[in-house]
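Have a look at the fold, then read on.

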Amino acid sequence: KKGKKEKNSQNGTNPPTTNGSTQMDTQSSEPAGITTTNTTTQQVNSDSQGNATNVLFVENLPSEANESMLAMLFHQFSGYKEARIVPGKAGIAFVEFLSEAQASNAMTSLQGFKMSDQHFMRISYRKN
C-alpha cells in the first residue's frame, strides 16, 4: 500500500526531488528566479547556523560592486547598520546589522541574489 500511495501522490509525473525543493524555495521569502542557487547555499549556511552573528560575510560580488550598491540592497532590512567592501579583495564584503536575528533575516532573503549574469551572492555569518 505504501508504494501505491507514493505513486498516486506523484500522479505519474517525474519524481519530486527537483520539484519539491523548488516549491519549498519558492515559498520562502527569497527573490524569485534564484531557487537553484538557494538550495546549494542554504546547505552551506546550515553548517554555520550555530555561529550566528550580527555581521554577514558576502562573497561572489561583481568587481564593480561598491558600498553604496550594497547599502541600497541591504538597507531594506530592519537593523541594517553598514556595508564594507574588503580592500584589495574583489567580490568580498561585510554587512553589519544591529542584531543576529536581523542579519539572519537579510541573509535568508538575499541568499543567491543575482548581482549580474555571473554573480549570485553567497552570504554566511562572519567567522569569529
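## Helices on the sheet

Helix α4, residues 67-74, lies across β1, β2, β3 and β6, and its direction runs at about 150° to β2. Helix α5 (residues 100-110) packs on the sheet too, touching β1, β3 and β6; against β6 it makes an angle of about 160°. Touching here means a contact, that is, heavy atoms within 4.5 Å. The angles are taken between N-to-C directions and run from 0 to 180 degrees, with axes fitted to C-alpha atoms, for helices over the stretch in contact.

A word on where this comes from: the model is predicted, so local features need pLDDT of at least 70 and side-chain atom pairs count only at pLDDT 80 or more, while totals for chains, interfaces and linings use all residues. Residues are numbered from 1 along each chain as its sequence is written, and side-chain values use heavy atoms, with hydrogens and water left out.

## The four-stranded sheet

So what do those helices sit on? An open sheet of four strands in the order β2-β3-β1-β6, with antiparallel pairing. At the edges are β2 (80-85) and β6 (122-125), each of which pairs on one side only. On average, neighbouring strands are turned by 25° against each other, direction ignored. Strands of a sheet pair through backbone hydrogen bonds, either parallel or antiparallel; to count as a pair, two strands need at least two bridges found by DSSP.

## Who faces whom

Strand β1 (residues 55-59) and strand β3 (residues 92-97) pair over five antiparallel bridges. Leucine 56 has valine 95 of β3 as its bridge partner, and glutamate 59 stands opposite isoleucine 92 in β3.

β2 and β3 are also antiparallel, over five bridges. Here alanine 83 stands opposite valine 95 in β3. The hairpin of β2 and β3 has six residues between the strands, and glycine 88 in this hairpin takes a positive phi near 80°.

## The chain as a whole

Stepping back, the protein chain has five helices and six strands, in the order α-α-α-β-α-β-β-α-β-β-β from the N terminus on. Helices are DSSP runs of H or I with at least four residues, strands are E runs of at least two, and both are numbered from the N terminus.

Of the 128 residues, 30% are buried, meaning under 20% relative accessible area with a 1.4 Å probe, protein chains only. The chain exposes about 8,200 Å², with carbon and sulfur atoms supplying 51% of it; these areas come from the Shrake-Rupley method with a 1.4 Å probe. Among contacts with a separation of 6 or more, 62% are between residues 24 or more positions apart.

How values were computed:
Buried means under 20% relative accessible area, exposed over 50%, partly exposed in between (1.4 Å probe, protein chains only).
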